[in-house]
Amino acid sequence: MDLSTTDLMQLALAQARLALAHDEVPIGAVIYHVPTDRIIAQAHNRRILDQDPTAHAEILAIRQAARELGDWRLEETILAVTLEPCPMCAGAIVNARIPKLIYGCADPKAGAVRTLYQLCSDGRLNHRVDVEGDVLAAECAGLLTNFFAAKRAMGKK
């Protein structure tokens with residue numbers, strides 16, 4: 001398989017598009033397991049579907065990957081997500097010991113990897129994550145911009 005960062009982000013974007021079908025905020029995530037060269041988790045936002053404020057794409061993918069590997073430590077994995085993770089998700093990434101994060105576009109309102117906070121690189125925490133941002137950023141941002149523009153046009157939150 002040998003997936004590039006762009007390939008991984010394309011898979012995350014496919015998940016984000018699935019979220020749109022459920023009127024969820026279009027954010028998608030995938031987790032790639034390097035030793036087995038395979039995708040072990042794929043998820044999209046499901047906060048509305050699940051009535052769960054923690055049902056972010058990253059959290060759901062992390063849970064799925066942990067079940068798949070039979071371990072809470074997701075060492076030797078790469079997480080790709082279409083939007084810079086929020087504080088909850090960045091904390092989960094650190095706690096899961098994910099070594100590499102790839103994200104699409106920055107989140108000026110809740111970004112906790114580089115924009116508002118730098119949780120994944122904070123030396124005070126027990127794990128640091130190698131981060132690559134701005135992968136297919138325009139495409140990732142476009143999905144979100146169009147989604148929220150449509151919501152505003154309909155007078156919804």
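1. Start with the helix pair: the axes of α1 (residues 5-21) and α5 (residues 137-154) come within 10 Å and cross at roughly 10°. That makes the two helices roughly parallel, a label for angles under 35 degrees. Axes here are lines fitted to C-alpha atoms over the stretch in contact, with angles running from 0 to 180 degrees between N-to-C directions. Helices are DSSP runs (H or I, at least four residues), and strands are too (E, at least two), numbered from the N terminus.

2. A caveat before going on: this is a predicted model, with local features needing pLDDT of at least 70 and side-chain atom pairs counting only at pLDDT 80 or more, while totals for chains, interfaces and linings use all residues. Numbering runs from 1 along each chain as its sequence is written, and side-chain values use heavy atoms, leaving out hydrogens and water.

3. Now the core. Ile 31, Leu 101 and Cys 120 touch the most other members of the largest nonpolar core, which has 51 residues. Such a core is a set of buried Ala, Val, Leu, Ile, Met, Phe, Trp, Tyr and Cys residues joined through side-chain atoms within 4.5 Å. The biggest contributor is α3, with 7 residues.

4. Leu 101 has contacts (heavy atoms within 4.5 Å) that include Leu 79, Ile 93, Cys 120 and Val 131.

5. Phe 147 is buried at 9% relative accessibility, whereas Phe 148 is partly exposed at 33%. The cut-offs are under 20% relative accessible area for buried, over 50% for exposed and in between for partly exposed (1.4 Å probe, protein chains only).

Definitions and conventions:
Angles under 35 degrees count as roughly parallel, over 145 as roughly antiparallel, 65 to 115 as roughly perpendicular and the rest as oblique. Lists of a residue's contacts leave out its neighbours within four places in sequence.
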